[in-house]
Amino acid sequence: MANGSKQIVDFAKIKATMADPYKHPVQVINGDGKVVDPDTLAKYSDDQLVDFMKKMVWERTLHEQTMNFSRQGRLGFYAPTAGEEASEMGSVTAFKEQDFLLPAYRDLPQMIQHGTTVAKGFLWSKGHVEGNQHENPNMMFPQIIIGAQYVETAGVALGIQKNGDKDRVAFVYTGDGGTSQGDWYEGVNFTSAYQAPAVFFVQNNGWAISVPRKKQTAAETLAQKAVAMGVPSVQVDGMDIVAVHEVAKEAREFAAAGNGPVVIETLTYRYGAHSSAGDDPSRYRTKEEEKPWFDADPLIRMRKVLTDKGIWSQDQEDKLVEEYKDEFKDAMKEAEAAPAQKVSDFLKWTYNVPTPAVKKQIAEFEAKESK
């Protein structure tokens, strides 16, 4: 037999092209504040667009005020959100009150929008149990373990399916680092296997603490990782609130209709440190890297669109910022007025029926606490 030179499989071509369908992020307003998809923008009234802007100003102000409280020693753990306003506000506003939110630790703004209060958010940061007691029961407390909320989402989505709930989905967030965890794959795969209603968000903010996305995976996009699990996925410009909202809304409708889960990768950027615990981004990022992202700030681009339409002004924004600051200061006072936690209560909650040793400890601490 003659030896042929033709390859039966061109692996190089496969590798070079397998990310092609996912390298075109959905965008309505580009980084310069220019509308590149007027048909989609036209779906939204001026009031809706202004409301998007108000929510982003709200979140940016919440971040800045929360950082101030943190520096004053009035809070515990806090994960900064500056730069992610379009990704977070654009997505959460696409869901309904009955949808179940499973947040990560950077998702307090979405939780507040979904039905808890700013004061409860501060209490969670302070480690107070009341920070986990929400007015809207359709949410978990923020998950600290990276990616673990994806497995929890699989359980919630399957529960929704088994209960026969109509027009209801589970939705969840993680960062780019979360997609390097086994829990991410397990959660998405399990949900896909049962075609349960869930929308999985990956907020690709470029960094898993100090590890850049390019060192976490050789995949050109994070969205394409969903293909192996049979899940439709997409990249969206995470600095464009209109694009994020439109994609999230369509994903919710798709999942709620019984078509199984969706994965959405939002391309955004974490402006500050990973957390208020003190990492210094200047040690692992350069000003040259950061500048394009700051130039594409979600508030700047939306501000330009609204100003050009004559429905937004700097005075209007400045007044809102002051109103929000007052609101957050009042929320902090409310959080600080919460009753002090007791060790005896923690012990009482450890077991449904306390063991003899725990009963003894409860009595000892109650005696101390009564003095």
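This is a predicted model: local features need pLDDT of at least 70, side-chain atom pairs count only at pLDDT 80 or more; totals for chains, interfaces and linings use all residues.

**Enclosed helices**

- The buried residues of H6 are Val118, Ala119, Lys120, Gly121, Phe122, Leu123, Trp124 and Ser125.
- Helix H3 (46-71), helix H5 (108-113) and helix H12 (314-336) are included in what covers the buried residues of H6.
- Just after H6 comes Gly127, with a positive phi of about 80 degrees.
- Helix H4 (residues 85-92) is likewise largely enclosed by the rest of the structure, because 8 of its 8 residues are buried.
- In H4 the buried residues are Glu85, Ala86, Ser87, Glu88, Met89, Gly90, Ser91 and Val92.

**The cavity**

- Rolling a probe the size of a water molecule over the atoms shows where empty space is left.
- The count comes to 1 cavity of 30 Å³ or more, and the largest cavity holds about 70 Å³ of space.
- Its lining is made up of Glu59, Leu62, His63, Thr66, Tyr78, Thr81, Leu108, Pro109, Ile112, Val118, Gly121 and Phe122.
- H3, H5 and H6 are the elements that give two or more residues to the lining of the largest cavity, and H3 gives the most, with 4 residues.
- By class, the lining of the largest cavity has 7 nonpolar, 4 polar and 1 charged residues.
- Val118, Gly121 and Phe122 are among the residues that line the largest cavity, and they are also among the buried residues of H6.

**The largest pocket**

- The largest pocket has a volume of about 300 Å³.
- Of the 24 residues lining the largest pocket, Tyr105, Arg106, Ile146, Gly175 and His274 are the closest to its centre.
- Strand S2 (170-175) and strand S4 (207-208) are the elements that give two or more residues to the lining of the largest pocket.
- S2 provides the largest share of the lining of the largest pocket, with 3 residues.
- The lining of the largest pocket divides into 9 nonpolar, 10 polar and 5 charged residues.

**The second largest pocket**

- The volume of the second largest pocket is about 180 Å³.
- Of the 14 residues that line the second largest pocket, those closest to its centre are Asn204, Gly206, Arg213, Lys214 and Trp293.
- Strand S7 (262-267) and helix H10 (287-295) each supply at least two residues of the lining of the second largest pocket.
- That lining has 5 nonpolar, 4 polar and 5 charged residues by class.

- Not counting residues up to four places away in sequence, Thr268 touches Gly83, Glu84, Ser87, Gln203, Asn204, Asn205, Gly206, Gly238, Met239 and Trp293.
- Among these contacts of Thr268 are Asn204, Gly206 and Trp293, which are also among the residues closest to the centre of the second largest pocket.
- Gly31 lies in the loop between helix H1 (11-17) and helix H2 (38-41).
- Gly31 counts as partly exposed, at 28% relative accessibility.
- Leaving aside residues up to four places away in sequence, Gly31 touches Asp295, Ala296 and Arg301.
- Gly31 and Glu220 are 189 residues apart along the chain, and their C-alpha atoms are separated by 21 Å.

**The chain as a whole**

- The protein chain has 14 helices and 7 strands.
- Its radius of gyration is 23 Å, which agrees with the value near 21 Å that a compact globule of 371 residues would have.
- The C-alpha trace spans about 90 × 65 × 45 Å along its principal axes.
- Of the 371 residues in the protein chain, 50% are buried.
- Among contacts between residues at least 6 apart in sequence, 75% join residues at least 24 apart.

Key. Residues are numbered from 1 along each chain as its sequence is written. Side-chain values use heavy atoms; hydrogens and water are left out. On a 1 Å grid over the protein atoms alone, a cavity is a set of points where a 1.4 Å probe fits but cannot get out, and a pocket is an open set with protein on both sides within 12 Å along at least five of seven lines; lining residues have an atom within 4 Å of a point. Grid points are joined across faces, edges and corners, and a volume is the space filled by probe spheres set on the points. Ala, Val, Leu, Ile, Met, Phe, Trp, Tyr, Cys and Pro count as nonpolar, Asp, Glu, Lys and Arg as charged, and the others, Gly among them, as polar. Buried means under 20% relative accessible area, exposed over 50%, partly exposed in between (1.4 Å probe, protein chains only). Contact means heavy atoms within 4.5 Å. The radius of gyration is taken over C-alpha atoms; the globule rule is 2.2 Å times the number of residues to the power 0.38.
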